[in-house]
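Subject: Structure for your review

Dear colleague,

Please find below the structure that I am handing over to you. My notes on what was found in it follow directly after.

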Amino acid sequence: MKKVVKHHGVPFLEKKQQSLILNKSNKNDIKRILGEPSTTSKFDNDVWIYIETKQTQSDLKNLGLMKIYKNDVLVLEINEYGILKKKEFYNKEDMENIKIAKGITEAGFKRNSFIYNFMSSMRQKINDPLGQRAKKRKEISQR
């Protein structure tokens, strides 16, 4: 029996991102290769984020719940001239290894905080893809 696969985002993101060349590729090249970004943000430069997620049903012992088996994120930084300046690719294993520092408050705003928050959010989705924990917390708080 073939398992059902749910796909979200840019197919073959890891392979497609390899054709993007730092200091050479521009916004038009990026859109032609990857399409419109999943998320954008504006700091000193433009930050474009592309996502690819694949889910399949888990084993029967887990009652067939959906399990994420591929979760790739590409973060592109584009300068004021529209040229690709920075490219970072993260896969599921990279996101599982993100360490979250607790109890640290910093003044000001850093560019990395957006990426950090985004990656933390993706990690939470990996650990709880159907949002079951949040639903249980909501039910308990309404009692």
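The chain contains 5 helices and 5 strands; both kinds of element are DSSP runs numbered from the N terminus, a helix (H or I) having at least four residues and a strand (E) at least two. Read from the N terminus, their order is β-α-α-β-β-β-β-α-α-α.

Please bear in mind that this is a predicted model, in which local features need pLDDT of at least 70 and side-chain atom pairs count only at pLDDT 80 or more, while totals for chains, interfaces and linings use all residues. Residues are numbered from 1 along each chain as its sequence is written, and side-chain values use heavy atoms, with hydrogens and water left out.

Confidence

The pLDDT is the predictor's confidence in each residue, on a scale from 0 to 100. Its mean over the chain is 78, and 74% of the residues reach 70 or more. Helix α2 (residues 27–34) has the highest confidence, at a mean of 92, whereas helix α3 (residues 92–96) has the lowest, at 70.

Surface and contacts

A residue is called buried when its relative accessible area is under 20%, exposed when it is over 50%, and partly exposed in between (1.4 Å probe, protein chains only). Of the 143 residues of the chain, 31% are buried by this rule. The accessible surface of the chain is about 10100 Å², and carbon and sulfur atoms account for 51% of that surface; such areas come from the Shrake-Rupley method with a 1.4 Å probe, and for residues only the protein chains shown count as cover. A contact means heavy atoms within 4.5 Å. Among contacts between residues at least 6 apart in sequence, 57% join residues at least 24 apart.

The nonpolar cores

In soluble globular proteins, nonpolar side chains tend to be buried together. A nonpolar core is here a set of buried Ala, Val, Leu, Ile, Met, Phe, Trp, Tyr and Cys residues joined through side-chain atoms within 4.5 Å. The largest one has 11 residues, including Leu20, Ile30, Leu34, Trp48, Tyr50, Leu74 and Leu84. The elements α2, β3 and β4 (66–78) each give two or more residues to this core, and β4 supplies the largest share, 3 residues. Another core, of 9 residues, lies apart from it, with Val47, Ile49, Met119 and Met122 among its members.

Which residues does Leu20 contact, leaving aside its neighbours within four places in sequence? They are Ser25, Ile30, Ile33, Leu34, Leu74, Leu76, Leu84 and Lys87.

Around helix α2

Ser25 is located in the loop between α1 and α2 and is buried, with a relative accessible area of 6%. A polar atom of the Ser25 side chain lies 2.8 Å from the backbone nitrogen of Ile21. Beyond four places in sequence, the contacts of Ser25 are Ser19, Leu20, Gly82, Ile83 and Leu84.

Asn26 caps the N-terminal end of α2, with a side-chain oxygen 3.0 Å from the backbone nitrogen of Asn28. After α2 comes Gly35, which has a positive phi near 85 degrees.

Asn23, with a positive phi near 65 degrees, is found in the loop between α1 and α2 and is exposed, at 51% relative accessible area. Phe12, with a positive phi near 55 degrees, is found in the loop between β1 (5–9) and α1 (13–17) and is exposed as well, at 57%.

Salt bridges

How many salt bridges does a search of the whole structure find? It finds 5, a salt bridge being a side-chain nitrogen of Lys or Arg within 4 Å of a carboxyl oxygen of Asp or Glu.

One of them joins Asp46 and Lys27, whose closest N and O atoms are 3.0 Å apart. Asp46 lies in strand β3 (residues 46–57) and Lys27 in helix α2, so this pair ties together parts that are 19 residues apart in sequence. Asp46 is buried, at 15% relative accessibility, while Lys27 is partly exposed, at 29%.

Another links Lys31 and Glu36, at 3.7 Å from N to O; Lys31 is partly exposed, at 36%, and Glu36 is exposed, at 57%. Glu88 and Lys86 also form a salt bridge, with their closest N and O atoms 3.3 Å apart.

Yours sincerely

How values were computed
A polar contact is a pair of N or O atoms within 3.5 Å; within protein, one must be able to donate a hydrogen and the other to accept it, and residues adjacent in sequence count only if both atoms are side-chain atoms.
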